[in-house]
Amino acid sequence: MESIDRILDRMTLEEKAALCTGASSWTTTPVERLGLPETICCDGPHGVRRVADIHSTGHEALPATCFPTASCTAATWDVALIRRMGEALAEECIALDSNILLGPGVNMKRSPLCGRNFEYFSEDPFLAGEMGASLIEGVQSRGVGTSLKHYAANNQEYQRFVIDARVDERTLREIYLAAFEKAVTRAQPWTVMCCYNRVNGRYGSEHFQLLTEILRDEWGFEGVVVSDWGAVHDRVEALQAGLDWEMPGPRPARVQAVVDAVRSGALEEYVLDASVRRMLALVQRGTHRPSAPDFDVDAHHALAAEIAAEGMVLLKNDGILPLAGQKRIAVIGRAAVQAHFQGGGSSHINPTRVAEPLAELRERLAGAELTYAEGYPADDAARPDLIDEALAAARAAEVALLYIALPTYKESEGYDRTDLDLTAQQVALIQAVSAAQPRTVVVLNNGAPVAMSAWIDGVAAVLEGYMMGQAGGSAIADILTGRVNPSGKLAETFPLAVEDTPAYINWPGEAGTVRYGEGLYIGYRYYDARRQPVLFPFGYGLSYTGFAYSNVRASAATFRDVDGVSVSVDITNTGARAGKEIVQVYVHDRAAEVARPEKELKGFAKVALEPGETRTVTIALDARAFSYWDARYRLWRAEPGEFDLLVGASSADIRGSVTVTLESTVDLPCVLSRSSTLREWLADRRGREAIAPFLAASEEARRQAFGEEGLGMNIMDMFIDMPVLSMLEFQMNALPEAPEAIVDRMLAQAHALP
Ligand code: BGC
């Protein structure tokens with residue numbers, strides 16, 4: 001294959017500019033003269049939305065497997081499984097002639113109201129990063145590319161094209177960038193898709209700090225930055241910021257703008273060349289893709305069922321599940337026949353087939369009599385007649401299964417939810433049926449948390465089925481009948497009410513700006529800090545068996561940051577069924593220079609256990625697991641000292657812990673300046689030494705003036721957060737020289753110390 005440099009040398013300016021703009025909604029611009037083919041992308045993330053006529057603006061997509069959406073796949077906490085899903089997606093891309101799958105999305109669930117949460121993994125960046133990286137590894141292992149999206153701080157749909165997300169630096173790094181960082185550094189996606197919105201004043205498409213300084217220079221991203229569809233405002237500025245590929249095309253005026261800018265000198269040609277090189281590498285990668293005429297539809301449907309069964313979360317069970325030989329069963333709710341398995345917008349897949357929940361259940365309960373009642377209409381209309389019909393069915397049965405799907409119009413790309421509620425008809429239905437039939441099981445299909453306080457106490461069991469993909473109907477049947485023991489756990493908190501949620505008073509923003517006022521405290525970080533009760537905590541999920549945790553221990557009591565430490569725990573299946581447990585490790589910093597969340601997820605593992613079996617789970621933690629982003633030093637900082645490693649079955653169910661001591665090998669640079677406070681001087685190793693004589697002298701001066709009693713004053717508390725320069729200015733008369741001179745001398749001394 002011809003080298004990229006040679007091709008670049010032979011390209012005209014017009015060809016270079018054209019290559020950096022799409023030729024259609026889904027293709028790059030081919031350069032036939034040079035033998036450069038088009039590269040084809042298609043939407044994801046949980047299926048291949050390959051538009052049939054790739055060069056038209058039509059939306060009709062070829063049939064492909066609709067896997068569960070990200071809320072559900074994240075709840076599997078199974079990185080190997082999601083990798084397999086990636087491999088299957090790649091096989092479908094190959095069969096459907098696509099080079100790049102536009103996904104995964106690793107934005108944070110800042111609020112459960114975000115309309116696109118079903119496409120995102122979690123409120124926790126560690127979990128989202130692990131899931132995103134694993135999916136990318138799976139897809140790319142088969143020679144197909146991905147697009148990690150939407151970079152960054154695209155956490156709401158309201159005004160998504162223009163809104164300016166105002167996020168402080170530490171929050172951006174620790175919460176909103178961390179999953180992107182993990183996915184980029186571990187899996188090198190072929191492309192990263194920028195967001196529509198602005199981040200601290202700049203559009204994502206024109207954000208030099210995000211696209212170049214952080215993404216490429218710090219994280220080492222080697223691929224192409226593609227715009228979200230229509231996210232570019234100023235093409236030349238976007239190129240200068242590091243955005244290589246504008247989509248969709250064709251946009252002749254944009255191509256011309258780039259050509260003109262180079263000719264006028266407004267854009268240096270080497271900047272364009274850097275993007276062209278990356279585009280050429282992308283096109284070449286696409287030509288290496290294997291080809292295959294089709295994919296295994298049955299095997300992928302079965303894989304979709306397996307993932308759905310692993311990702312559904314059993315939220316409540318008073319013992320009624322799994323079903324045990326009941327002969328008369330009422331199946332209520334239109335979602336039992338009209339499976340609700342995906343959300344609206346660009347991720348909408350044309351499924352190869354759909355498992356109907358009721359039919360799947362019938363197949364597994366051959367000897368039982370199943371009566372179906374619709375329960376509620378597709379919209380939010382009140383239909384007392386449907387409730388009456390459902391009640392009759394429920395009364396005549398030994399158990400009522402309610403299939404409740406949040407209506408399609410409630411959740412979609414493009415707009416946010418305004419509440420967490422099911423429809424009034426659905427709530428009335430659940431209340432009426434469960435009042436008449438205490439053995440009522442609710443199966444939910446939704447992409448994000450719904451409120452349940454109005455009815456949950458009255459029902460016997462709740463299974464969160466999420467947007468479960470095309471095979472979800474069979475997964476529900478497998479779980480209800482006990483063929484599969486549920487093992488999913490929530491990758492997000494289910495709040496009691498929307499008013500309780502972290503972003504509530506800063507949502508969704510106004511006048512083009514949304515302030516991330518809750519800072520680091522989203523999801524369980526917030527509920528932990530506020531000690532606020534929730535409906536179901538992050539990491540929670542039930543099983544048909546039980547698990548005991550014992551013998552939590554660390555590989556070392558004291559460890560160096562560069563070495564890391566690992567934590568082990570023995571997990572025993574205490575019940576009578578085989579099952580899987582998701583073990584979670586959270587880190588709690590006992591003392592820090594900054595405010596830190598109570599605990600943060602830094603490791604997890606899913607372990608399969610036969611009845612009575614015990615296995616040891618070991619999870620490694622590196623320095624990053626103990627670090628926060630220190631905006632003063634602009635680095636990840638693991639402070640020396642004690643940390644608790646909390647091992648739990650959920651964020652609210654910690655089963656054991658061990659305390660370890662971190663020894664820092666990092667010698668922080670001296671960043672003291674004239675405006676540094678006394679606290680900052682004392683926190684700095686060199687500063688402490690340089691200021692010591694001055695502090696001793698001022699203590700002596702106070703002793704002289706006020707005697708020992710004067711020293712009893714809470715002098716430290718008074719001055720600790722005052723710039724040392726200001727402290728000196730207060731005692732100007734007594735000083736032998738100007739305060740600036742004293743501070744400058746101490747600064748020079750501190751900066752010069754080894
Ligand atoms: C969405 C992206 C999607 C793209 C192409 C945009 O509106 O935000 O997620 O990949 O369209 O359909």
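**Exercise 1.** How do the residues of the shell around the ligand divide into nonpolar, polar and charged?

*Solution.* Before we start: this is a predicted model, where local features need pLDDT of at least 70, side-chain atom pairs count only at pLDDT 80 or more, and totals for chains, interfaces and linings use all residues. Residues are numbered from 1 along each chain as its sequence is written, and side-chain values use heavy atoms, with hydrogens and water left out.

Now sort the shell: five residues are nonpolar, two polar and seven charged. Here Ala, Val, Leu, Ile, Met, Phe, Trp, Tyr, Cys and Pro count as nonpolar, Asp, Glu, Lys and Arg as charged, and the others, Gly among them, as polar.

**Exercise 2.** Find side chains with a polar atom close to a ligand oxygen, using polar contacts (pairs of N or O atoms within 3.5 Å).

*Solution.* Start with D43, where a polar side-chain atom is 2.3 Å from an oxygen atom of the ligand. Next take D228, whose side chain has an N or O atom 2.7 Å from a ligand oxygen. Then look at E413, with a distance of 3.3 Å.

**Exercise 3.** Why is C114 in no disulfide (a pair of cysteine sulfur atoms within 2.5 Å)?

*Solution.* First, search the whole structure: there are zero disulfides. Next, check the distance: the closest cysteine sulfur to that of C114 belongs to C195 and is 13 Å away, so it is too far for a bond.

Technical notes. Polar contact = N/O pair within 3.5 Å; in protein donor to acceptor, adjacent residues only side chain to side chain. Disulfide = S-S within 2.5 Å.
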